[in-house]
Every structure is written in C-alpha cells, then in structure tokens.
Amino acid sequence: MSRLHLLCLIATLGACVDHEPSLLAGKTTSLKVDLIAPADPGSQQNRLPDGTTTATVKITALDENGDTDTSVSRDVDLYVGFLGTLTPAHEKGVPFQKVPLTAGVSAATTVNLPPTFGATFLWVEDVEGSDPSFATGTSPQLWFRDPWIYDIQKPVSETAVNALTDSPLENKTVEVTTSHYGAMGRLVVSGVYATGYTLDDVKCQDASGTPPCQAGYYDHAFIYSYSKAFDQNGNPIVVGENIDGFQGGVSEFDGLTEIGFPQSFAADAPVVNAAQVSAPAIIDASWFAQDIMFERNEAGLVEVDGATLCPLDSDYTTYNQ
C-alpha cells in the first residue's frame, strides 16, 4: 500500500468516528472543600494547639468542567478522617454532620471536631436524595499532635454506657512516641508475658528519669504481640525497659483495650531500670461499687492485700498469667 493510499484510509476512518456526549455532562463530579479556619492548618513539624476543636469549611459542587454545579440543592455528608479511618465508621451510614448546599454551594460551616490526632481531613460525599452523584471531596490536611497512651485509654465520658468496653480510638492505627508528662516522662515496660507486654507512661522525678516514677489513671497499655515481644532490632522486650514508642491497631477484646499487630521501637542500647516501673495500684473493696476504677487502671499493675491465693496449676507455669 502506498503512503498516499494509507493517508486516505486514515482520513476516511477518522471521518467515521462518532463523538458521544459525556456521561458526566450536567452532573456533579467532585466536591471542593475550602478550609476557612483555622487559617494555618499546621504541619507535620508544627502541630495545631490542643485548644483547636473546630474547623470551618465551605463546600462547592463542581461539574465536569470544574464549574459550580448550581443544580445541587441538598445535604452532603461529612466525616472526619484521622489515624487511618473515618469517624464515625463509614459502614454505619450515619455521618458526623450533614451540610446543606444551595445552588451548589454551602455557607461557611463550623464543624465541632471529635478528639482528633495526627494528620486529619474532612471527607464529604454526595449520597443524599433520590438522585445522588456519589461525588466526594476532602479538605486540606489539619495537623494535630499524635496520641498518648492516655488518649487511647480514657473514655470520652466515664459515665457513658460504653465507658468500660470501648476505646475512643478503637479501630484506629496509632503511633505513640512521646510521654504525657513531657521531659519528665518515660514509656516503661511494666510486665512481659507470653503474648505481649504492658507499658506505663510514667512521670519521674526529673528530666533524667530519676525514680521513683509514677503512672496516673489511663496511663497503661497492653501491647498484644501474639507471642514473645521484640523491638525493631529483634531484641526481646524486658521489664523496666524504656522504649521509644510503638505503633499498631487499637482493638477491644472482651472490653480489654489492645494494641494489635504492633511494632515496638527501642534504642540500640535502651535504658533498663526496674526502679522506674510504676508502683501498683492497690485494689480496694470500694472499687467493686465503682467499676470505673478498674478501667482507669486497665493494663496497669495492681496489688491485692490480704487475699487468699488459690493453688497455681500448669496454666500459670506455661503462660505466666
């Protein structure tokens, strides 16, 4: 075939192409989320102060050309995304907040944030009404401090019906690398078991970590490693060890908060000082009339005075628990 014939064939085929209208024509294809406040969303190096509890946004429905879709006058659903999941859980189908759009645009809307940690964004989606577009959008990231053990353990309300059973960060992926107590604080291993270890966030006498050191309510965590626990260098975790931190998924097992699929971080030559382990909490008979005391000390060492100990069997020998 000559070059001339080939060019004619291409020209003929090109003339036969039909250009169908876009399936997205006249529909919302995305939601634009403008962050109005805080004016400075923070950064990984400069986190927002703890007092930042609200965010103000403006939401705009956009068509396939990036123009405002003025045909949209309905609510869109808003969720708060942080630590790997949306809040509330998306599968429950109940948004954190509904935001009304009129002619494709919302008013400046203030969102009262839940306790929020790390890189955070607001997720919006158009799923309401009889003919939703299912378009989505996210805000710019907001940077809050990373959680402490205290934030994982303390219920939102000690009088709530789920205070004894649900962590406020359940199903979140956390990384804890600092103490609740600043320079005087340490993350100290309080117990080592066949399936993991317990960790206390303690306050020592000074920034050098001088003992005695003491943990407060909700300053304890159970790191569930499924078998003997090791740090990132393959060294076994030991009682009294100061670790640099841990990461993993927060879950509840029969009301016991656990950090599952964990990774534990320690220095190449970590400080090991059993004297830094927090003194155990002494269980008092009054605790049985105020169950929250058990929750406040969950995963911490406890002491029972004047008790009768049943004979130990092979299970204790095998599992040390």
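This is a predicted model: local features need pLDDT of at least 70, side-chain atom pairs count only at pLDDT 80 or more; totals for chains, interfaces and linings use all residues.
Trainee: Is A103 buried, partly exposed or exposed?

Mentor: The relative accessible area of A103 is 33%. Buried would require under 20% and exposed over 50%, so A103, with its 33%, falls in between and counts as partly exposed.

Trainee: Which strand holds F261?

Mentor: F261 is not a glycine, yet its phi is positive, at about 45°. The stretch that contains F261 covers residues 256–265, and that strand is β15.

Trainee: Is F261 buried or exposed?

Mentor: The relative accessibility of F261 is 73%. Because the cut-off for exposed is over 50%, F261 at 73% counts as exposed.

Trainee: What is the omega of the peptide bond that joins T87 and P88?

Mentor: P88 lies in the loop between β4 (85–87) and β5 (97–100). The bond that joins T87 and P88 is a cis peptide bond, and its omega is about -5°.

Trainee: Where is P38 found, given that the peptide bond from A37 to P38 is cis?

Mentor: For the bond from A37 to P38, omega is near 0°, and the bond is cis. As for its place in the chain, P38 is found in the loop between β1 (30–37) and β2 (54–62).

Notes: Residues are numbered from 1 along each chain as its sequence is written. Side-chain values use heavy atoms; hydrogens and water are left out. Helices (H or I, at least four residues) and strands (E, at least two) are DSSP runs, numbered from the N terminus. Buried means under 20% relative accessible area, exposed over 50%, partly exposed in between (1.4 Å probe, protein chains only).
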